[in-house]
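Please keep the picture in view while I talk.

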Amino acid sequence: MGNDFLLVLVVVTALAFDFTNGFHDTGNAMATSIATGALSPRIAVALSGLLNLVGAFLSLSVAATIASGLVDTGLVTLTVVFAGLAGGIIWNLLTWFLGIPSSSSHALIGGVVGSTMAAAGGHAVKWHGLFQKVIIPAGLSPVIAGLIATTGTYLVYRISRSVPEKTRSHGFRLGQIGSASMVSLAHGTNDAQKTMGVITLALIANGSVPAGAKAPFWVILSCALAISIGTYTGGWRVIRTLGKGLVEIEAPQGMAAESSSAAVILLSSHFGYSLSTTHVATGSILGTGLGKKGAVVRWGVAGRMATAWLFTLPAAGLVGAGAYALAHAIGGTAGALVDLVLLVAVAVLIYLKSRATAVSHDNVNAEWTGTVAPPAPAKEAAAV
């Protein structure tokens with residue numbers, strides 16, 4: 001058996017990442033439903049959190065990919081896993097602060113690959129698995145989701161063109177609740193498993209379970225709860241960008257986007273592809289803008305997001321490598337504790353900075369003015 005104290009530290013940090021994964025990705029399922037008024041913001045995040053919890057128990061294919069498909073588990077140590085998690089958490093918090101819906105999955109994978117390379121060199125990375133299971137799906141999934149959503153949007157408007165506007169909007173808002181629920185369930189089947197895979201990787205590195213072992217039940221349960229609570233917290237900054245910043249969205253578009261996302265994510269979970277639900281949701285939302293004649297698509301916002309996607313794997317990898325180098329230089333559990341102190345300090349700093357431009361359930365649907373945080377309402381003129 002290895003260092004049990006360090007193992008506990010890694011498990012707690014992994015659950016913290018899972019929490020950030022939840023609130024960072026709430027918008028993938030619920031942004032369009034909140035934007036069109038199909039669900040109130042509070043009800044939307046509560047429903048999404050509950051379905052994330054259920055979805056986490058439905059499949060383990062993606063967890064197996066993360067645990068053994070990306071790096072050589074024989075060369076991975078607990079410090080490597082911890083440093084990789086630090087890279088994922090910092091990238092998640094930074095992009096959340098900026099309101100950029102980047103991929104939590106790629107942040108985690110980038111962090112683990114970066115720390116593994118720093119510890120054991122490039123030969124410890126299973127490059128074939130990384131390209132086949134992560135990078136290729138990352139490039140294809142938003143395009144496929146976008147094409148499905150474009151087609152779906154065109155069809156729903158064409159089929160329902162003779163239906164009175166009020167009746168059509170009401171019906172599609174009801175449909176949005178069902179399709180958004182499917183996305184939340186699908187998100188649980190895909191994203192919750194990534195942290196399960198990382199904790200299983202740590203258990204293997206510590207000698208607590210044999211190589212190739214599946215995630216124990218306590219790992220599944222704790223990860224399901226962590227991502228569910230994070231989802232309920234609501235990453236309002238990212239929800240606002242997806243729901244208001246990318247496309248001026250109506251109820252039929254919202255239903256088409258969510259149906260497309262759910263289909264792509266569930267299919268990928270079945271085959272064990274660790275794709276980004278953020279890429280899928282964004283591709284779907286953009287597709288609804290292309291499928292509706294005269295719809296407004298803000299390509300500047302989309303370009304900013306695409307740029308962040310390109311930097312996610314290498315940036316999280318650099319942080320993971322740096323965190324490993326620092327922990328290794330200090331040595332032992334003390335090195336990981338120094339990393340932990342720095343990680344908490346950065347997280348607190350980003351949180352305090354976000355309070356100056358707060359986005360919450362109260363202002364998430366405010367008119368898009370080009371910024372993540374809407375301007376504060378003007379104060380009423382004092383009575384003379």
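Predicted model: local features only at pLDDT ≥ 70, side-chain atom pairs only at ≥ 80, totals over all residues.

**Spaces and helix contacts**

Let me take the second largest cavity, whose volume is about 40 Å³. Which residues line the second largest cavity? They are Gly27, Asn28, Ala29, Ala31, Thr32, Ala257, Glu258, Ser261, Ala281 and Ile285. The elements that contribute two or more residues to this lining are helix 1, residues 4–36, helix 10, residues 251–271, and helix 11, residues 277–291. Helix 1 gives the most, with five residues, and if we sort the lining of this cavity by class, we find five nonpolar residues, four polar and one charged.

Now to the pockets. The largest pocket has a volume of about 410 Å³, and it is lined by 19 residues, of which Phe23, Trp96, Thr233, Tyr351 and Ser354 lie nearest its centre. Which helix gives the most to the lining of the largest pocket? That is helix 13, with six residues, while the lining as a whole has 11 nonpolar, six polar and two charged residues.

The second largest pocket holds about 230 Å³ of space, and its lining consists of Ile136, Pro137, Leu140, Ser141, Ile144, Val264, Leu267, Ser268, Phe271, Tyr273 and Leu275. Helix 6, residues 127–159, and helix 10 are the elements that give two or more residues to this lining, and the largest share, five residues, comes from helix 6. By class, the lining of the second largest pocket has nine nonpolar residues, two polar and no charged ones.

Let me turn to helix packing. In general, two packed helices are described by the angle between their axes and the distance between the axes. For helix 6 and helix 11, the axes come within 7 Å and cross at roughly 35°, and the crossing is right-handed. On the helix 6 side the contact is made by Ala138, Ser141, Pro142, Ala145, Gly146, Ala149, Thr150, Thr153 and Tyr154, and on the helix 11 side by His279, Val280, Gly283, Ser284, Gly287, Thr288, Leu290 and Gly291. This contact has seven nonpolar, 10 polar and no charged residues.

At what angle do the axes of helix 4 and helix 5 cross? They cross at roughly 140° and come within 7 Å, with helix 5 spanning residues 104–120, and helix 4 passes helix 5 in a right-handed crossing. Among the residues that meet here are Gly84, Gly87, Gly88 and Trp91 in helix 4, and Ala107, Gly111, Ser115 and Ala119 in helix 5. The contact between these two helices has eight nonpolar, eight polar and no charged residues.

Finally, please find Arg298, which lies in the loop between helix 11 and helix 12, the latter running over residues 299–330. The side chain of Arg298 reaches the backbone oxygen of Gly245 at 3.4 Å. Leaving aside residues up to four places away in sequence, Arg298 touches Lys244, Gly245, Leu246, Val247, Glu248 and Trp368.

Key: Residues numbered from 1 in each chain as written. Heavy atoms only, no water. 1 Å grid on protein atoms, 1.4 Å probe; cavity = no way out; pocket = protein on both sides within 12 Å on 5 of 7 lines; lining within 4 Å. Points joined across faces, edges and corners; volume = space filled by probe spheres on them. Helix = DSSP H or I, 4+ residues; strand = E, 2+ residues; numbered from the N terminus. Nonpolar A, V, L, I, M, F, W, Y, C, P; charged D, E, K, R; others polar. Axes fitted to C-alpha atoms, helices over the stretch in contact; angles between N-to-C directions. Left-handed = near helix turned anticlockwise from the far one by under 90°. Contact = heavy atoms within 4.5 Å. Polar contact = N/O pair within 3.5 Å; in protein donor to acceptor, adjacent residues only side chain to side chain.
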